[in-house]
Amino acid sequence: MAWIRRENSCAAKIRAKPGHPPVCNRWFLVTTWLSLSAAGQAMADGGPSSPDTSRPEEGERIYRQYCASCHGIEGEGMPNWERKNARGELPAPPHGPEGHTWKHSDAMLYRIVSEGWRDPWNKTERLTMPAFEDLLTPAEIRSVVNYLKTLWTPEQRRHQAEESESRGRP
């Protein structure tokens with residue numbers, strides 16, 4: 001359960017993008033509102049809430065092109081990914097069974113790939129995971145998320161599917 005507290009914690013000053021004010025409760029309310037209000041439009045224009053027509057093989061190709069330089073060609077992550085580096089940031093984690101990617105819902109994984117990520121425990125304010133929303137289509141992002149699932153154990157896939165059902169899908 002520690003990962004849930006960490007993921008949803010407002011203890012750290014979370015910034016959506018450099019130069020923007022801290023977000024916590026406001027972030028939650030805005031993202032919830034945006035998710036709900038945009039769902040109908042996204043369905044109409046093929047966005048994140050549209051039916052899943054992604055293909056893991058396409059996701060693997062995209063992953064190798066855009067993600068492997070940080071997360072490893074086989075999803076092994078950077079060395080010492082659980083310890084902060086000299087910049088006070090956590091290195092890119094693995095996406096396989098030894099990592100924690102499988103603990104996140106489809107919606108959260110989609111959001112991380114699309115909008116980027118700054119771990120709330122990092123000392124720096126920059127996004128340590130870049131946003132790909134301007135490079136990848138919603139279908140390509142879903143393909144990457146589905147490819148990541150091929151790296152997990154059956155038990156992890158079951159857990160992640162339950163998370164996605166309870167927290168919603170992109």
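Q: How many aromatic pairs does a search of the whole structure find?
A: Heads-up: this is a predicted model, where local features need pLDDT of at least 70, side-chain atom pairs count only at pLDDT 80 or more, and totals for chains, interfaces and linings use all residues. Residues are numbered from 1 along each chain as its sequence is written, and side-chain values use heavy atoms, leaving out hydrogens and water. Rings of Phe, Tyr and Trp (its six-membered ring) pair if their centres lie within 6.5 Å; the search turns up 2.

Q: Why is the pair of Tyr63 and Tyr147 classed as it is?
A: Planes under 30 degrees apart count as stacked, over 60 as edge-to-face and the rest as tilted. Here the centres sit 5.4 Å apart and the planes meet at 50 degrees, so the pair is tilted.

Q: Which helices does that pair link?
A: Tyr63 and Tyr147 are 84 residues apart. Helices are DSSP runs (H or I, at least four residues), numbered from the N terminus. Tyr63 belongs to α3 (residues 56-66) and Tyr147 to α6.

Q: What angle separates the planes of Tyr66 and Phe132?
A: This pair is edge-to-face, at 5.9 Å centre to centre. The angle between the planes is 70 degrees.

Q: Is Phe132 buried or exposed?
A: Buried means under 20% relative accessible area, exposed over 50%, partly exposed in between (1.4 Å probe, protein chains only). Phe132 has 8%, so this residue is buried.

Q: Where is Asp119?
A: Asp119 has a relative accessible area of 10%, which means that it is buried. Its place is in the loop between α5 (106-115) and α6 (138-149).

Key:
Helix = DSSP H or I, 4+ residues; strand = E, 2+ residues; numbered from the N terminus.
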